[in-house]
Amino acid sequence: MRRAIELKRDGAELSPEDWSGIVAAFMDDRIDEAQMAALCMACVWRGMSLEEAHALTQAMVASGDVLHFDGDVVVDKHSSGGVSDIVSLVAVPLAAACGAHVAKLSGRALGHTGGTIDKLESIPGFNANLSTDAFIAQVRRIGCAIAAQTSALVPADKRMYALRDRTATVPSMGLIAASIVSKKIAGGAHAFVFDVKTGRAAFMQKPEAAAELARRLVEISTRFGRRATAFVTDMNEPLGHSIGTGLEIVEARNFLSRNAADSVTLSLSKGRVYNLVLPIVAAMLAAAGIDDGESRARSALASGAAYEKFVEMIEAQGATRATLESMEPLPNPQVVRAQQSGYLHGIDVIRLGNLGRELAARNSLAGLRVAVRIGDRIEKNAALAYVHTPDSVTLDLAGAFELSNQHPPSRPLIYPSP
Ligand code: URA
């Protein structure tokens, strides 16, 4: 192993045999964490070729079980991690309501980003820990399931990811691509749609880097014989308006059920969430051989079919419609107000993401609801956000909203195809 670390440190490319030997030895404890961390840091600094990332993906897939779906095309959708990113919660039942089979294995929260599994588990009774057989059977029976990654799938990623998290070695294009694609391959779907975030709260802050990661995800997936599409999308501000596990469920529920009572949801998240969900669902449907995806998705939202599929999914996994529909943010939020007038230039979305996670860890119906978007003209004292806290501690959050006299340059929600 020492030789491999030296080679990588000096910028050489390791062979597929090197990578499979390294992963196998790491899993057998013949390589210790210090050596693996040193190798990961060398990958961060020296980069990894596409061949290396592919070889590492293969080695990681081989470390555990792989699910198999027979019959119709099964689709999976993956986000590289965002704040107020409710797309999976909405897109999975929506695509299933349009006839696709969707099998989504999801992770938990990571750093400031939210985890789909934590969000779903805020619905009382929801069971994210499905056995492999139950997961496959549910996808066949009702068209969709979202379950937690089991420890039998890609155990090498679980160990490596925890180590990378502790040793600040997450942001390596090759390591990220191998980590993501290995889990998708092991999850058994035939086609993947990736949503690669870019911006100040994304792992890949620059759009060019996100586009490169997107290309790698697609290329490696294709080498495994999977169909793959990738989007590069904005993460300079929360995607929806809610940050917090239960609050994001409430927002997704209201989005799917078109609940007009939630004026903030309709006025704010509808635009961005809607504008991202529709093309993502269309890509999921196209991968499943279903054309005209956007218009099918619009109809499934309008008819309520997408909401009914969401309810069917959570009921299949132990929750009930009644508990879902009884969820509401904690009452009497603190209002964060603008201390001056100006245009909203930026949002410290990492700070908001961390705060949302912290509040929701204390009470799943606590968190934040952001009331403004970058580019908005804000008058002094206008509401910027509502903080739903389980206690009366006053949080000074106005500084997380950066105001300026200049209108900020406009940025796309979806970047041109990578
Ligand atoms: N998400 C993952 O699953 N793995 C990474 O390395 C980064 C984001």
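Predicted model: local features only at pLDDT ≥ 70, side-chain atom pairs only at ≥ 80, totals over all residues.
Local features need pLDDT of at least 70 and side-chain atom pairs count only at pLDDT 80 or more, while totals for chains, interfaces and linings use all residues. Side-chain values use heavy atoms, with hydrogens and water left out, and residues are numbered from 1 along each chain as its sequence is written.

Three aromatic pairs occur in the structure. Rings of Phe, Tyr and Trp (its six-membered ring) pair if their centres lie within 6.5 Å; planes under 30 degrees apart count as stacked, over 60 as edge-to-face and the rest as tilted. One of the pairs joins Phe69 and Phe135; the ring centres are 6.2 Å apart and the planes stand at 65 degrees, so this pair is edge-to-face. Phe69 lies in the loop between α4 (50–61) and β1 (74–79), and Phe135 lies in helix α7 (residues 132–142), 66 residues apart. Phe69 is buried at 6% relative accessibility. Phe135 is buried too, at 2%. Here buried means under 20% relative accessible area, exposed over 50%, and partly exposed in between (1.4 Å probe, protein chains only).

Phe255 and Tyr274 form a tilted pair, 6.2 Å centre to centre with 50 degrees between the planes. Phe255 belongs to helix α11 (residues 245–257) and Tyr274 to helix α12 (residues 263–287). Phe255 is buried at 3% relative accessibility, whereas Tyr274 is partly exposed at 21%. Helices (H or I, at least four residues) and strands (E, at least two) are DSSP runs, numbered from the N terminus.

Charges also sit over rings. The criterion is NZ of Lys or CZ of Arg within 6 Å of the ring centre and within 35 degrees of the ring normal. Arg159 lies over the face of Phe26, 4.4 Å from the ring centre. The charged end of Arg377 sits over the Tyr343 ring, 5.1 Å from its centre.
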